[in-house]
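Me: Hi! Could you walk me through this one?

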Amino acid sequence: MLLAAAKAGIFGPGSVETLVGDLLDSIRSAPSRRLDVHLASGRVLDAWRAAISEGRSILAVQDVTEQRGAERMKDEFVSTVSHELRTPLTSINGSLAILSKSSEGRLDQTGQQMLDIAIRNIDRLNRLINDILDIEKLGSGSVVMHVQRLELAELLSCVVNENRPFANTHGVDVQLELPDEPVLVLGDQGRLVQAVTNLIANACKFSPPGAIVDVSCQKADGRAIIEVQDTGPGIPVEFRPHVFQRFAQASPDHQQGRSGSGLGLAITKAIIEQHEGNIGFDSVVGSGSRFWLTLPLLGEQS
């Protein structure tokens with residue numbers, strides 16, 4: 001049917017070969033496969049294949065042209081607004097920094113508190129804009145990955161050391177456990193640092209004072225496994241399906257005043273998936289959470 005459709009010209013030039021090849025490869029190597037099919041007419045189809053039993057599969061196709069168009073418009077709007085906000089925020093941030101330096105000892109307590117609040121909120125807005133731009137780029141596939149050979153022990157040691165001051169502000173310590181042998185992967189160092197930092201920062205924010213956040217790395221079945229364990233309140237059962245969604249926030253009772261954009265875990269998931277890895281978590285309410293991510297070991301990618 002696909003070859004007949006190709007002769008009829010409903011697919012763009014050459015795209016049918018890619019489609020058939022991807023589907024055949026997925027039948028041989030994976031239990032499922034999902035991809036967008038772009039027709040010459042401009043329509044977009046979501047093709048999804050899932051294995052069932054005895055070599056049989058189900059193939060479902062849905063027209064998602066309007067959905068993809070709405071997503072593209074939304075992403076373009078978010079990107080434009082975020083870029084437009086950068087200029088005034090940069091100006092305000094610079095002005096507040098100058099004001100803070102020049103007013104040392106000259107403001108009363110109330111004035112200094114108001115200035116400190118303004119600086120903290122500008123920093124928070126800048127982080128939010130950076131997160132929005134990151135998730136938009138990662139979602140659209142426009143992020144350029146600078147892939148290189150990485151030794152995860154070195155990367156994790158740097159990340160943990162850089163995040164200890166942040167942990168200390170929450171009265172928390174971070175401990176790192178590494179294997180004796182090297183753990184080598186291919187990846188973008190900056191993006192992997194960002195992903196692990198997001199996990200450590202979340203663990204520190206939700207751990208009680210005096211707690212220890214455990215970070216570890218190991219190898220298993222051709223994969224590198226990084227784990228971040230906290231002893232916080234755990235993730236509510238009803239919120240778990242939404243943990244990696246954009247702007248996801250648990251209930252106010254669970255947040256307990258801890259602020260965030262709700263984008264950190266969505267960004268981390270997108271980064272790890274672009275490295276052909278996986279991410280997940282285990283959590284027990286009242287006892288803490290363990291987030292884990294896996295990456296293909298260098299030389300052992302499938």
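Reply: Happy to. Helix H8 (residues 264-274) lies across S9 and strand S10 (288-296), at about 25° to S10. Helices here are DSSP runs of H or I with at least four residues, strands are E runs of at least two, and both are numbered from the N terminus. Angles run from 0 to 180 degrees between N-to-C directions, with axes fitted to C-alpha atoms, for helices over the stretch in contact, and contact means heavy atoms within 4.5 Å.

Me: Is this a predicted model, or what is it?
Reply: A predicted model: local features need pLDDT of at least 70, side-chain atom pairs count only at pLDDT 80 or more, and totals for chains, interfaces and linings use all residues. Residues are numbered from 1 along each chain as its sequence is written, and side-chain values use heavy atoms, leaving out hydrogens and water.

Me: Which residues in H8 are buried?
Reply: Among them are Leu-265, Ile-267 and Ile-271. Buried means under 20% relative accessible area, exposed over 50%, and partly exposed in between (1.4 Å probe, protein chains only).

Me: And what comes just after H8?
Reply: Glu-276, with a positive phi of about 60°.

Me: What's the strand order in the sheet?
Reply: The order is S5-S7-S8-S10-S9, in an open sheet with mixed pairing; strands pair if DSSP finds at least two bridges between them. S5 (173-177) and S9 (278-284) are at the edges with a single partner strand each, so one side of each has no neighbour in the sheet.

Me: Switching topic: buried or exposed, Phe-77?
Reply: Phe-77 counts as exposed, because its relative accessibility is 56%. Phe-77 lies in helix H3 (residues 65-102).
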